[in-house]
Structures are given as structure tokens and as C-alpha cells.
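Student: Please take a close look at the metal site. What surrounds the metal, and where do the donor residues sit?

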Amino acid sequence: MARRKIPLRRCIGCGQRQPKQSMIRVVKSPDDTLSVDASGKKSGRGCYLCPDAACLTAVFSGDKLARALRMGTIDHQMKATLKQELVELIENDVDEARR
Ligand SMILES: [Zn+2]
């Protein structure tokens, strides 16, 4: 029986390792812009989090994001925009699961 290896990534919110495909990737582009990487293929330094509101809160409550992405500080406005994008993404995921 062939065993397929599932790539795991550590969530920066809860610290648990989860299958990469089920996670949300946030990527920092070379010009220090943060964005949600829905395709998982954008280049740049990325980090992962579970599509979970608790993890999202954990990520944004401290400097976890800045540390994971090796950034000094993250622009307040950019952080707020990113958080909003993630919140919407997670809510959509939940809606799909309910269908
Ligand atoms: Zn998590």
C-alpha cells in the first residue's frame, strides 16, 4: 500500500501542525506588503494559520505575525486590512461547510 505523505505546516496561532491544504497562507512580498495567498503559490516569506477564528485572534493579539514573517513592525492599517480579509475567508469557509 502506497502511503502518501501529507505536507504539514505549523499554525502561528495555535502552534499545531495541520495539513497544508487546509490552512491559510499569508505571504510577505519583497516590498513588505502582506496578503492572503489563496493559491499557496505566491513567492515570498509565508506563514500559515488554521481557518479558525480562535487562531486568527491569537495571531493578531500579539506580535506573532511580525515574528513569523521576520518583520520589525507591521503597519497598523495593513494589519487591519489583512485581518479583515482573513475574517471573511474564514467565514466563507464556515458557510461552505454548512451547505
Ligand atoms: Zn491554529
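Tutor: Cys11 and Cys55 are both buried, meaning under 20% relative accessible area with a 1.4 Å probe and protein chains only. The model is predicted: local features need pLDDT of at least 70, side-chain atom pairs count only at pLDDT 80 or more, and totals for chains, interfaces and linings use all residues. Residues are numbered from 1 along each chain as its sequence is written, and side-chain values use heavy atoms, with hydrogens and water left out.

The zinc ion is coordinated at 2.3 Å by the SG atoms of Cys11, Cys14, Cys50 and Cys55. Donors here are N, O and S atoms within 2.8 Å of the metal (3.2 Å for Na, K and Ca); water is not among the atoms, so sites may look incomplete. The arrangement is tetrahedral because the four donor atoms around the zinc ion subtend angles of 102 to 114°; for four donors, that label requires all angles to lie between 85 and 135 degrees. Ideal angles for four tetrahedral donors are 109.5 degrees.

Along the sequence, the donor residues follow the spacing C-x2-C-x35-C-x4-C. Helices (H or I, at least four residues) and strands (E, at least two) are DSSP runs, numbered from the N terminus. The chain has three helices and five strands, in the order β-β-β-β-β-α-α-α from the N terminus on.

Key: Four donors count as tetrahedral if all angles lie between 85 and 135 degrees; four count as square planar and six as octahedral if opposite donors are over 155 degrees apart and all others between 65 and 115; anything else is irregular. Buried means under 20% relative accessible area, exposed over 50%, partly exposed in between (1.4 Å probe, protein chains only).
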